[in-house]
Amino acid sequence: MFTYEELPGTTAASSTQGDKLCPPYAARTQTSRPPGVPFVVPPSFQDRDWVPLNSGEWAQVPRDPCPAPELLPHTSSSNLGMVGTINPELYKFLEDTSETDFPEGCLGRLWFSLEYQQEAERLLVGLIKARRLQGPSETCSPLVKLHLLPDERHFLQSKTKHKTSNPQFDEHFIFQVSSKSITQRVLRFSVYHVDRQRKHQLLGQVFFPLKNETLAGDCQRLIWRDLEAESLEPPSEFGDLQFCLGYNDCLRRLTVVVLRAKGLQLQEDTSFVSVCVKVSLMNHNKFVKCKKTSAVLGSANPVYSETFSFKADPAELDTASLSLTVLQGAEGEKSHVLGRVVVGSYMYARGKQLEHWNEMFSKPKELVKRWHALCRTTEP
C-alpha cells in the first residue's frame with residue numbers, strides 16, 4: 001500500500017539527509033501534485049490515479065490488469081487500502097551443510113552450545129552431538145571429557161554412547177568461573193572410544209578459546225568444530241608452536257593463524273605472568289610489520305586461534321620471511337623471549353620451516369597447519 005502523510009514540522013521539498021533537489025526536478029514535482037494531496041509526487045508515481053481512504057490518506061490504484069501472483073493485494077469492504085503478500089522465496093534460509101560437507105581426512109565433527117551468565121558467573125555448555133567419528137574398528141563407543149584450561153586436573157564427562165559413530169548426547173554441563181578470568185580460559189573437548197576393557201582411546205580434540213565476542217550478550221550460541229588429532233611428539237626443549245600459513249595470489253595476502261603452544265618453559269610463578277605471540281613479516285632481515293596475539297595468563301600451553309593478514313607481493317616473497325616469537329611478560333616488567341621460529345624461503349629457513357613455507361604455495365586455497373619447535377636464538 002502506498003500511503004503518504006506529511007509529518008509535523010517537515011516540508012515536502014526538504015530531505016531529512018540534507019540533500020537538495022536540483023531546480024528542474026523541483027519544478028516538475030511541484031506542478032504534478034494531485035488536488036488535495038499534501039505532498040510532492042515523485043516522477044515515477046506521476047500520471048497515476050489516487051483514491052481517498054477512510055483515514056484521510058491516499059492510496060494508489062494499480063493499473064496493471066494482471067499483477068504478479070505474489071503481489072496480489074488483499075481487499076476488504078471496509079478498507080480500500082492494498083497490502084502485498086509476502087513472497088516466501090525471499091525468506092528462505094541457507095541450507096545447512098554442516099552434516100554433509102566433511103573435509104578429506106576428517107576425524108569427526110562435534111556440535112556444542114555455549115552461554116555465559118554474567119550475574120551468576122556460570123558457563124553453561126551444551127554437548128549436542130558428534131558425527132563421523134573415526135573409531136579403531138567398525139563399532140565405536142564414544143564419550144567426551146570437558147576441561148576448562150589451564151585447569152588440567154578437573155573435568156566433566158558425558159555418558160558413553162555404545163556402538164555408534166554418530167552419537168547424540170544432548171547433555172548439559174556447568175562450570176563456575178569468574179567474569180574476570182573467563183576470557184583467559186579455553187574449553188577443551190576430548191572425544192574417546194571406550195573399548196570392552198573400559199580403556200579410553202583418544203579419537204580427537206576440540207580447543208575453543210572463550211573470547212569476549214563469543215560470550216557477549218548472555219545468549220546461547222550453537223557451534224561446531226572438527227576434531228584435531230593429538231600431537232604424539234613430546235614437547236621440545238623450549239616448547240612448540242602450532243600455526244597455519246596461507247597465501248592468496250589474487251589478493252596478495254599472506255595469512256597466519258596462530259593456534260596454540262605447548263611445553264613452554266615459563267620463568268616465574270605462572271599465576272602472575274602472561275604469554276603472547278608476536279608475528280613479524282620481514283624482508284631482507286628488516287621488519288616490515290608486526291602484530292601480536294592477545295595475552296594468555298598463567299599457562300604453559302596457551303591457546304590463541306587468532307588470525308593475522310599481511311600484504312605481500314609475489315615478487316617480494318623470495319626475500320621475505322615470518323618470525324613468530326613467544327613472549328612472556330609480567331605487569332610492570334619488560335617481556336622476555338621464551339622461544340622463536342622462523343619460516344621462509346631457502347635464504348632464511350631449513351627443514352620443517354622451509355617445507356611449511358613451500359607447502360603454503362603448493363596449496364594456495366588451503367591453510368597449511370604444522371607444529372614447530374621453538375629455539376632461543378635472538379631476533380635480528
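The largest cavity lies between domain 1 (105–227) and domain 2 (239–374), because both domains give residues to its lining; the domain bounds come from an automatic or database domain assignment. This is a predicted model, in which local features need pLDDT of at least 70, side-chain atom pairs count only at pLDDT 80 or more, and totals for chains, interfaces and linings use all residues. Residues are numbered from 1 along each chain as its sequence is written, and side-chain values use heavy atoms, with hydrogens and water left out.

**Cavities**

- The structure holds 2 cavities of 30 Å³ or more; a cavity is a set of points, on a 1 Å grid over the protein atoms alone, where a 1.4 Å probe fits but cannot get out, and lining residues have an atom within 4 Å of a point.
- The largest cavity contains about 50 Å³ of space, where a volume is the space filled by probe spheres set on the points, and grid points are joined across faces, edges and corners.
- Its lining consists of Leu149, Pro150, Gln184, Val186, Val296, Ser299, Asn301, Pro302 and Val303.
- That lining has 6 nonpolar, 3 polar and no charged residues, with Ala, Val, Leu, Ile, Met, Phe, Trp, Tyr, Cys and Pro counted as nonpolar, Asp, Glu, Lys and Arg as charged, and the others, Gly among them, as polar.
- The second largest cavity has a volume of about 40 Å³ and is lined by Glu268, Gln328, Gly329, Ala330, Glu333, Lys334 and His336.
- Its lining divides into 1 nonpolar, 3 polar and 3 charged residues.
- Strand β19 (residues 320–330) gives the most to this second lining, with 3 residues; strands are DSSP runs (E, at least two residues), numbered from the N terminus.

**Glutamate 268**

- Glutamate 268, part of the lining of the second largest cavity, sits in the loop between β14 (253–262) and β15 (273–283).
- Glutamate 268 counts as partly exposed because its relative accessibility is 39%; buried means under 20% relative accessible area, exposed over 50%, and partly exposed in between (1.4 Å probe, protein chains only).
- Apart from neighbours within four places in sequence, glutamate 268 is in contact with Val273, Gln328, Ala330 and Glu333, contact being heavy atoms within 4.5 Å.
- The C-alpha atoms of glutamate 268 and glycine 298 are 9.6 Å apart, with the two residues 30 apart in sequence.

**Histidine 284**

- The loop between β15 and β16 (286–292) holds histidine 284.
- Not counting residues up to four places away in sequence, histidine 284 touches Thr319 and Tyr348.
- Histidine 284 and serine 321 are 37 residues apart in sequence, and 8.3 Å apart from C-alpha to C-alpha.

**Strand β6 and its partners**

- In strand β6 (residues 122–131), 8 of the 10 residues are buried.
- Strand β5 (residues 109–117) pairs with β6 in the antiparallel sense over 9 bridges; two strands pair if DSSP finds at least two bridges between them.
- Glutamine 117 has arginine 122 in β6 as its bridge partner.
- The β5–β6 hairpin has 4 residues between the strands, and glutamate 121 in the turn has a positive phi of about 55°.
- β6 also pairs with strand β9 (residues 168–176), antiparallel over 7 bridges, and leucine 123 stands opposite phenylalanine 175 in β9.

**The four-stranded open sheet**

- An open sheet of 4 strands runs in the order β8-β7-β10-β11, with antiparallel pairing.
- Its edge strands are β8 (156–157) and β11 (200–209), each pairing on one side only.
- Strand β10 (residues 186–194) and β11 share 9 antiparallel bridges, and valine 194 has histidine 200 in β11 as its bridge partner.

Terms used
On a 1 Å grid over the protein atoms alone, a cavity is a set of points where a 1.4 Å probe fits but cannot get out, and a pocket is an open set with protein on both sides within 12 Å along at least five of seven lines; lining residues have an atom within 4 Å of a point.
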